[in-house]
Amino acid sequence: GIAGKNGGSNGPLLCGKQTTFEGGMREPGIAWWPGTIKPGIITPQVGTTMDILVTAVGLAGLQLPSDRIYDGIDLFPVLTGKVESIERPVWYYRGNELFAVRVGQYKAHLWTWSHEHYNFCPGEYVKDVTTPDQVNRTSNPIVFNLDNDPGEKYTIVSGARYKEAMALITPYLQEHKETMVRGEPSLNYCDRMVMNWAPHGCEEINYCLQGPTVSSIKLCGWDH
């Protein structure tokens, strides 16, 4: 979608930042290593920043400590073409609430929300999806096939494809809920003094802000 003033375009993807729709989460990834990674290869593999640690440790020939669970995977076999893709779940959190999960081409939304005060989906409307209120759909998640519908416009809520998608996603979801140990969020406390109030280039769009002069640390409030 196309953002408003001082914004940009993420093409066909739905909504923007602060949402767990593809327009707020998805970015292209490029890997370059002459002699090791073949040029011109496109892979359907989904990666996350959590994969960087696991992949880098593997490239260094080291072993990760075995006393913890890692959410990332080693992407090197995909980057070198040894395998086309690795099946893995991708979790879409907003605050401490799991909003969606993706496995393969299927993505299931457990919650939908486009915000009641700030429209994070300017000019876009998908029935029962871009909801201004927070809607809990965990009992019957809304599914999209992102291979055919990266813009999340055509919902799958029943039928054979829905059963296929949920049969793939549900085991990962159940294991995640049963085994995940919640930690203390690193953004649980806010210090407005450390925010970048005047980033480079803000003068050109007349959008530089004056930051506070006295540090005031307080609890952050999540919208969810």
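Here are a few friendly notes on the disulfides of this predicted model.

1. Let's start with the count. The structure contains two disulfides. One of them links Cys15 with Cys121, and Cys202 and Cys208 form a disulfide as well.

2. On the geometry of the Cys15 and Cys121 link: the S to S distance is 1.9 Å. The angle about the S-S bond is 100 degrees, and the link is right-handed.

3. Where do Cys15 and Cys121 sit along the chain? Cys15 belongs to the segment before helix H1 (22–25), while Cys121 is in the loop between strand E4 (111–112) and strand E5 (135–136). The pair therefore ties together parts that are 106 residues apart in sequence.

4. Are Cys15 and Cys121 buried or exposed? Cys15 has a relative accessible area of 4% and is buried. Cys121 has a relative accessibility of 2%, so this residue counts as buried, the cut-off being under 20%.

5. Turning to Cys202 and Cys208, the sulfur atoms of this pair lie 1.8 Å apart. Their link is right-handed, with 90 degrees about the S-S bond.

6. Cys202 counts as buried, at 3% relative accessibility.

Terms used:
Residues are numbered from 1 along each chain as its sequence is written. This is a predicted model: local features need pLDDT of at least 70, side-chain atom pairs count only at pLDDT 80 or more; totals for chains, interfaces and linings use all residues. Side-chain values use heavy atoms; hydrogens and water are left out. A disulfide is a pair of cysteine sulfur atoms within 2.5 Å. Helices (H or I, at least four residues) and strands (E, at least two) are DSSP runs, numbered from the N terminus. Buried means under 20% relative accessible area, exposed over 50%, partly exposed in between (1.4 Å probe, protein chains only).
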